[in-house]
Amino acid sequence: MNTRSMIAAIAAVAGIAITTTATFAQDVPAAVGARQGQFKLMALNVGVLGNMARGNTAYDATQASAAAANLVAISMLDQSFHWPEGTDEMSIEGTRALPAIWENLPDVVMKWQAFGAAATGLAAEAGNGLDAMRTALGPVGGTCGACHDAYRAPQ
């Protein structure tokens, strides 16, 4: 690829990114849907691991490793698009996000980082046997619960 083509490609990608960011930031339903979809993916993967940990399904190192890797990948998503102000349960229907999220963003970010660290620890152990996976799953559940307790309204 010559220099002119490379510059054109970079400009096109940058233009798409800027347009997508501006459109996304203004599209509140899309932002709420994205974060709810993310949490559904998290729940699906934690469910796979939780069912193994409880003995509801047989432990499978490959599946456990895949589910844990998915949690790590989710933890790496940029959250800035998912949480526009005015998307709490008091402002719109269909969410359980408490207004406290926007009052305590540094704590929310810290909790999200703790989830990422716990998911990374789980990914390192998930394929090493049921006991190792169970032990590493506990901190993931703890980080989820800490955020839910502080920032999610009950059903």
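Helix α2 (residues 28-54) and helix α3 (residues 61-75) cross at roughly 150 degrees, and their axes come within 9 Å. Helices here are DSSP runs of H or I with at least four residues, numbered from the N terminus. Axes are lines fitted to C-alpha atoms over the stretch in contact, and angles run from 0 to 180 degrees between N-to-C directions. The angle makes α2 roughly antiparallel to α3, a label for angles over 145 degrees, while those under 35 degrees are roughly parallel, 65 to 115 roughly perpendicular and the rest oblique. The crossing of α2 and α3 is left-handed, meaning that the near helix is turned anticlockwise from the far one by less than a right angle; clockwise would be right-handed.

Before going on, please keep in mind that this is a predicted model: local features need pLDDT of at least 70, side-chain atom pairs count only at pLDDT 80 or more, and totals for chains, interfaces and linings use all residues. Residues are numbered from 1 along each chain as its sequence is written, and side-chain values use heavy atoms, leaving out hydrogens and water.

Which residues of α2 and α3 make the contact? On the α2 side they are Q38, L41, M42, N45, V46, V48, L49 and M52, and on the α3 side Q63, A64, A67, A68, N70, L71 and I74. Contact means heavy atoms within 4.5 Å. By class, this contact of α2 with α3 has eleven nonpolar, four polar and no charged residues. Ala, Val, Leu, Ile, Met, Phe, Trp, Tyr, Cys and Pro count as nonpolar, Asp, Glu, Lys and Arg as charged, and the others, Gly among them, as polar.

Two residues of α3 deserve a stop. A61 lies in helix α3 and is partly exposed, at 30% relative accessibility. Although A61 and N128 are 67 residues apart in sequence, their C-alpha atoms are 6.9 Å apart in space. S75 is also placed in helix α3, but S75 counts as buried at 13% relative accessibility. Buried means under 20% relative accessible area, exposed over 50%, and partly exposed in between, with a 1.4 Å probe and protein chains only. Leaving aside residues up to four places away in sequence, S75 touches W112, F115 and G116.

| Helix pair | Angle | Axis distance |
|---|---|---|
| α2 and α3 | roughly 150 degrees | within 9 Å |
| α5 and α6 | about 165 degrees | 8 Å |
| α2 and α6 | about 130 degrees | 10 Å |

Helix α5 spans residues 105-125 and helix α6 residues 130-151. Their angle makes α5 roughly antiparallel to α6, and the crossing of α5 and α6 is left-handed. Residues in this contact include F115, A118 and L122 of α5, along with M133, C144 and C147 of α6. By class, the contact of α5 with α6 has 17 nonpolar, two polar and three charged residues.

α2 and α6 are oblique to each other, and the crossing of α2 and α6 is left-handed. V46, L49, G50, M52 and A53 of α2 meet L130, M133, R134, L137 and V140 of α6. The contact of α2 with α6 divides into eight nonpolar residues, one polar and one charged.
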